[in-house]
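Hi,

Here is the structure I said I would pass on.

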Amino acid sequence: MSNQRSTSRDEDLLLQDFSRNVTTKSRALFSGNAAVVSAIPLWLFWRIHQMDFSSYFIHFILGTIVSTYFLNLAYQNMKFILKHKIAQKREEAVNREISKIFASDKSANKKDKDDRVLTRKNEVADFEATTFSIFYNNAFYLVCLLVLSFFVLKNFSPTVNYLFSVALSTAMVFLFSTGQK
Amino acid sequence: MLKKIKISHLKQVISPSIVHIHVDQSLNAKLLSIYIYTSAVVSLIGGSDRHLYKMFRVVLAALTIIALVNGETCESPEFKVVSHSTRDARLTAESAAQLEITVKCKNGKQPGTLYADINGQVIPCAQTPTAPGKYFIGVAANTHKELASGRTKIKLYDDDSYSALRKARTEDATKAVKPFGQVELNHPGVSYGPWLPSEFFAVCTFGLVWWAAYRERSKILG
């Protein structure tokens, strides 16, 4: 019975480790960041391209929603790709940390230690992958948006400029988030 | 009761200096009316009496001097200048400048018309009835380089000094004419904008940040 429980627990950990599903906390973090980063360019288009909010609010709402959705997906994709690699790189450091904790505890067995290492490794990798994914995708998105809006599409009308620069930069971020290299 | 005054009688007694007196000042108007009627009375009643006639010519000359002394000459003028000029050269092809000169005279009088000498050309200054004591000069140049940057001295002439300037025939005589005053046009120059636009610096900054993130990602995935 206890073996079955520990096996199911191991399976849960493995599933969690290799699953693309994100926790509620990560989901909230991703959505919030995606919304903020999608809303930042609105200020640029309002003040520099002279797009009045009252006249272009439909474009702005549509662009922000689409951008938020695809940025969210890009965050999740990149997090999944990075998590395993980060877990491999941080394994040694996590082992050292857990060994120090368990060094004083004689009653703990190897199984508990391994479970603890796996859990801790998962936490560290999850957090680091989440934050790095947000950081990288935001930087890439803003660079693409600035280049498209102020250099490539600068001679087009403000509507075309906004829609195409947001759409193309969002598409590029989403596309490159699925890459393994 | 005075009889109808003949123009010829008036011309005999009114001295030429009175002709230049402006009659819009109330004091001068009163003085002029006093000696016109006085001279008319003298010509009609005492015209045959040469001594009386000579005496009144002296009186008239004295009144003329009084009228001139109480005339419209501005004394010890003080100038306050506000200048505006073209600053942006990217969106404009020509330069223009405008000066607003406020003249304050010690005796409270204002010069009738002011003339400004700008680069050898003497032009009248504009005035507005809503702002007495303020004179406006506009300068336009076909290119930005024609309007010299820095401080340019502008001589001002009132009616008397402008008349003297017009009468001067030689360059020495022109230079000898004392101007009413002198002001300066301060033109800071035009700007063609920064060499590199601000979006270039924004892209470079974000590009560097992205480049650092890309390198880190490559290390992780490699």
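Before the rest, the ground rules. This is a predicted model, in which local features need pLDDT of at least 70 and side-chain atom pairs count only at pLDDT 80 or more, while totals for chains, interfaces and linings use all residues. Residues are numbered from 1 along each chain as its sequence is written, chains are lettered from A and ligands numbered from 1 in the order in which they are written, and side-chain values use heavy atoms, with hydrogens and water left out.

**Chain B and its backbone**

Chain B has 7 helices and 8 strands; these are DSSP runs numbered from the N terminus, helices being H or I with at least four residues and strands E with at least two. Buried residues make up 29% of the 222 in chain B. Take the contacts in chain B (heavy atoms within 4.5 Å) between residues at least 6 apart in sequence: 70% of them join residues at least 24 apart.

Back to Ser76(B): its phi is near 45°, a positive value in a residue other than glycine. You will find Ser76(B) in the loop between helix H4 (50–69) and strand S1 (78–85) of chain B. Asn119(B) is not a glycine either, yet has a positive phi of about 50°. Asn119(B) belongs to the loop between strand S3 (115–118) and strand S4 (121–124) of chain B, and at 67% relative accessibility it counts as exposed.

**Where the chains meet**

On the A–B interface, 21 residues of chain A are in contact with 15 residues of chain B. About 1,700 Å² is buried between chain A and chain B, 80% of it on carbon and sulfur atoms. Buried area here is the accessible area (1.4 Å probe) that two parts lose on being put together, summed over both.

How many salt bridges are there between chain A and chain B? The count is 0, where a salt bridge is a side-chain nitrogen of Lys or Arg within 4 Å of a carboxyl oxygen of Asp or Glu. Helix H3 (53–103) and H4 of chain A are the elements that give two or more residues to the side of chain A that touches chain B. The largest share of that side, 11 residues, comes from H4(A).

**Rings**

Phe140(A) and Phe176(A) are an edge-to-face pair, 5.5 Å centre to centre with 90° between the planes. Phe140(A) lies in helix H4 (residues 110–152) and Phe176(A) in helix H5 (residues 158–177) of chain A, so the pair ties together parts that are 36 residues apart in sequence. Phe140(A) is buried at 9% relative accessible area, while Phe176(A) counts as partly exposed at 46%.

Ring pairs also build a cluster whose members include Phe140(A), Phe176(A), Trp210(B) and Tyr214(B).

The charged end of Arg217(B) sits over the ring of Tyr136(A), 5.1 Å from its centre. For a charge to sit over a ring, NZ of Lys or CZ of Arg must be within 6 Å of the ring centre and within 35 degrees of the ring normal. Arg47(A) lies over the face of Trp46(A), at 5.3 Å from the ring centre.

**Salt bridges**

The whole structure has 13 salt bridges over all chains. One of them joins Glu92(A) and Arg96(A), with the closest N and O atoms 3.4 Å apart. Both lie in helix H3 of chain A, 4 residues apart, about one turn of the helix.

Glu97(A) and Arg120(A) also meet in a salt bridge, at 3.3 Å from N to O. That pair links distant parts of the chain, with Glu97(A) in helix H3 and Arg120(A) in helix H4 of chain A, 23 residues apart.

In chain B, Glu184(B) forms a salt bridge with Arg151(B), their closest N and O atoms being 3.3 Å apart. Glu184(B) is in strand S8 (residues 181–187) and Arg151(B) in strand S7 (residues 150–157) of chain B, 33 residues apart.

Cheers

Methods: Phe/Tyr/Trp six-rings, centres within 6.5 Å; stacked < 30°, edge-to-face > 60°. Buried < 20%, exposed > 50% of the residue type's maximum accessible area, 1.4 Å probe, protein only.
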